[in-house]
Amino acid sequence: MLAQSHFFCKSLSLIPPPSPVLRSAKTLSLHLSSSQSGRSSFLSSSLSAVPISRVTMTPNSKRPDLSEDSSSEPIATDLDRFAAVANELADASGEVIRKYFRKKFDIVEKDDMSPVTIADQMAEEAMVSIIFHNFPSHAIYGEEKGWRCKEESADYVWVLDPIDGTKSFITGKPVFGTLIALLYKGKPILGLIDQPILKERWIGMSGRRTKLNGEDISTRSCPKLSQAYLYTTSPHLFSVEAAKAFSRVRDKVKMPLYGCDCYAYALLASGFVDLVIESGLKPYDFLALVPVIEGAGGTITDWNGNPPLWEASSSAVATSFNVVAAGDSNIHQQALESLEWH
């Protein structure tokens with residue numbers, strides 16, 4: 001399918017730029033007409049996941065602390081509303097993406113040489129419209145257009161990656177996903193991974209069990225690195241030093257695997273993968289993963305064991321992070337020790 005697409009080695013916008021901030025509901029009607037019905041049908045339908053054979057490892061005994069109650073965080077009813085809107089965002093984004101998947105379209109290169117398509121840009125615009133309609137005081141940081149808010153900072157910031165894994169998308173491989181995170185004072189309180197072709201949706205929220213298509217999920221127990229199935233998107237994405245660090249872990253695991261983008265983290269949360277290690281991720285690549293993995297009983301940090309946090313604002317730069325996620329805290333610690341990243 002890639003051969004059908006046209007490549008342009010220059011930076012240009014595939015769709016007209018949006019207005020600076022969308023404030024009026026009248027300007028939002030373009031993307032809202034089908035989102036509500038799409039969300040209802042998604043949540044009510046019985047969806048079958050791609051069949052995957054489980055290995056004989058037991059579910060992870062680690063559980064998120066559902067009793068934790070912080071007065072600094074939104075109350076349950078707030079989270080429920082945020083989740084409902086997040087589902088609308090994924091529905092709207094998925095509707096756009098499905099129209100272009102395995103179809104002929106133009107592909108351009110951004111300044112960092114990464115590809116972008118009209119599907120990326122239109123999916124982000126569809127989500128932005130819904131957010132400003134529901135939460136006009138919230139800010140947005142999207143991969144394609146960056147910061148969107150009349151203020152320089154905000155307590156609530158939606159971080160969007162309309163297509164995480166654009167290379168997979170343009171080559172017709174359905175392991176890309178839409179990533180949606182909601183930050184409250186810099187902390188991810190909601191994360192959503194949506195695979196619109198396979199119709200699989202993972203959603204995690206602070207203090208709650210992560211769900212896949214409405215069903216509770218859990219990471220699996222894997223106490224030894226030598227038993228672990230490891231994923232990374234590509235060994236070619238590492239710098240020289242990061243590649244050396246990664247190889248120290250790769251050589252100790254049972255099976256290194258490649259090419260899943262954000263879908264690898266979703267499989268980890270579901271208990272099919274034990275470890276994911278990547279380098280050079282931007283905030284919109286990983287912030288949505290944090291509530292999903294932690295809510296399933298897993299751990300996700302940078303290569304030094306620190307929480308992968310990023311403070312979004314009008315002046316913030318989307319810096320790169322090295323990320324390690326594990327379903328079992330034991331192999332997370334073993335991976336950190338093997339990386340020897342200081």
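Is Thr178 buried or exposed? Thr178 is buried, because its relative accessibility is 0%, where buried means under 20% relative accessible area, exposed over 50% and partly exposed in between, with a 1.4 Å probe and protein chains only. The model is a predicted one, in which local features need pLDDT of at least 70 and side-chain atom pairs count only at pLDDT 80 or more, while totals for chains, interfaces and linings use all residues. Residues are numbered from 1 along each chain as its sequence is written, and side-chain values use heavy atoms, with hydrogens and water left out.

The confidence of the predictor in each residue is given by pLDDT, on a scale from 0 to 100. The protein has a mean pLDDT of 83, with 78% of its residues at 70 or more. Over residues 63–71 the pLDDT is below 50, and this stretch has eleven contacts in the model beyond near neighbours in sequence; a contact means heavy atoms within 4.5 Å. For residues 16–57 the pLDDT stays under 50, and the model has 56 contacts beyond four places in sequence for them.

Ten helices and 16 strands are present in the protein; these are DSSP runs numbered from the N terminus, helices being H or I of at least four residues and strands E of at least two. Of the 342 residues, 55% are buried. Among contacts between residues at least 6 apart in sequence, 71% join residues at least 24 apart. The accessible surface, calculated by the Shrake-Rupley method with a 1.4 Å probe, where for residues only the protein chains shown count as cover, comes to about 15300 Å², and 52% of this belongs to carbon and sulfur atoms.

Thr178 lies in strand β7, which spans residues 177–184. Its side chain makes a polar contact with the side chain of Ser93 at 3.2 Å. A polar contact is a pair of N or O atoms within 3.5 Å; within protein, one must be able to donate a hydrogen and the other to accept it, and residues adjacent in sequence count only if both atoms are side-chain atoms. Beyond four places in sequence, the contacts of Thr178 include Ile97, Asp161, Leu192 and Met127. Met127 is part of helix α4 (residues 118–134) and counts as buried because its relative accessibility is 0%. The C-alpha atoms of Met127 and Leu89 are 5.0 Å apart, although 38 residues separate the two along the chain.

In helix α10 (residues 329–339), the buried residues include Ile331, His332, Ala335 and Leu336, together with Ser338 and Leu339. These residues are on the same side of α10, because they cover an arc of only 165° around the axis, the arc being that of the directions from the helix axis to the C-beta atoms. They pack against α6 (240–250) and the strands β14 (275–281), β15 (299–302) and β16 (321–326). At the N-terminal end, α10 is capped by Asp328, with a side-chain oxygen 2.7 Å from the backbone nitrogen of Asn330. Just after α10, Glu340 has a positive phi of about 50°.

With a disulfide defined as a pair of cysteine sulfur atoms within 2.5 Å, the count is zero disulfides. Cys260 is in no disulfide, and the nearest cysteine sulfur, that of Cys262, is 9.0 Å away. Cys260 is buried, because its relative accessible area is 8%. Cys222 also counts as buried, at 0% relative accessibility.
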